[in-house]
Amino acid sequence: MSVLLKSSGVKSFDISKWAVKEAWEKVKANRGAPGVDEETIAQFEAGLKGNLFKIWNRMSSGSYFPPPVRAVEIPKGPGRGIRILGVPTVADRVAQTVVAAMIEERAEPVFHPDSFGYRRDRSALDAVAVCRRRCWESDWVVEFDIRSFFDSVPWPLVVKAVQAVCDVPWVVLYVKRWLAAPLELPDGTLQSRDKGTPQGNAA
């Protein structure tokens with residue numbers, strides 16, 4: 001479906017309308033569950049032109065504020081507690097994807113060759129393949145995990161890491177807003193946060 005977005009006036013930030021459209025295509029391909037507004041991919045697409053224009057208009061003017069993120073509890077396993085998965089609205093996923101694409105463009109060239117997590121055209125199986133090969137090259141292994149990393153990572157460190165590779169003002173602005181977006185718990189209450197980020201968010 002071809003979508004053209006009309007421009008209107010001077011905007012605070014130079015964000016491409018086509019970047020928003022391309023972000024939508026990625027979100028649509030990934031599918032996913034509705035967020036707090038209960039709007040599905042199909043419902044969003046029914047009003048696609050207006051919905052994409054609204055996202056572009058608000059992001060370009062600096063007036064985009066993310067809605068709460070729907071919290072879904074995922075069991076980790078016997079005796080290991082639960083993991084909180086954050087489900088943004090469809091519109092918010094489009095906005096996040098616009099920002100993520102800009103960060104990825106700047107960050108990808110400077111990533112370590114052994115970095116596999118959340119990277120384009122790389123998977124857990126690729127990491128396993130490298131580990132398997134190196135088992136025949138070395139007789140020692142170092143393994144570590146950061147307990148509750150996503151639940152406890154300090155926001156200033158996240159912002160600092162983003163700024164190190166992508167100091168575009170609107171990218172930093174929206175990353176900060178997404179970090180601070182509240183969680184809507186399964187019982188409908190809102191939970192404010194001062195650290196960490198729910199898994200599933202782009203921010």
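Entry 1, the sheet. I worked from a predicted model. I started with β3 and β4, which run antiparallel and are joined by two bridges. β3 covers residues 183-184. I looked up L183 and found its bridge partner in β4 to be Q191. I then traced the whole sheet: it is open, has four strands in the order β2-β1-β3-β4, and its pairing is mixed. The edge strands are β2 (82-87) and β4 (190-191), each of which pairs on one side only.

I took α3 (residues 48-61) and α4 (residues 90-107) and compared their axes, which come within 10 Å and cross at roughly 50°. The crossing is right-handed. Next I listed the contact residues: L52, I55 and M59 on the α3 side, and A91, V94, A95, V98 and V99 on the α4 side. Sorted by class, this contact of α3 with α4 has eight nonpolar residues, with no polar and no charged ones.

Is M59 buried or exposed? Its relative accessible area is 0%, and buried means under 20%, so I recorded M59 as buried. M59 sits in helix α3. Leaving out residues up to four places away in sequence, I found that M59 touches A95, V98 and V99, and also F13, I15, Y64, W170 and Y174. For F13 I also checked the C-alpha separation from M59: it is 7.6 Å, with the two residues 46 apart along the chain.

Key
Residues numbered from 1 in each chain as written. Predicted model: local features only at pLDDT ≥ 70, side-chain atom pairs only at ≥ 80, totals over all residues. Heavy atoms only, no water. Pairing = 2+ DSSP bridges. Axes fitted to C-alpha atoms, helices over the stretch in contact; angles between N-to-C directions. Left-handed = near helix turned anticlockwise from the far one by under 90°. Contact = heavy atoms within 4.5 Å. Nonpolar A, V, L, I, M, F, W, Y, C, P; charged D, E, K, R; others polar. Buried < 20%, exposed > 50% of the residue type's maximum accessible area, 1.4 Å probe, protein only.
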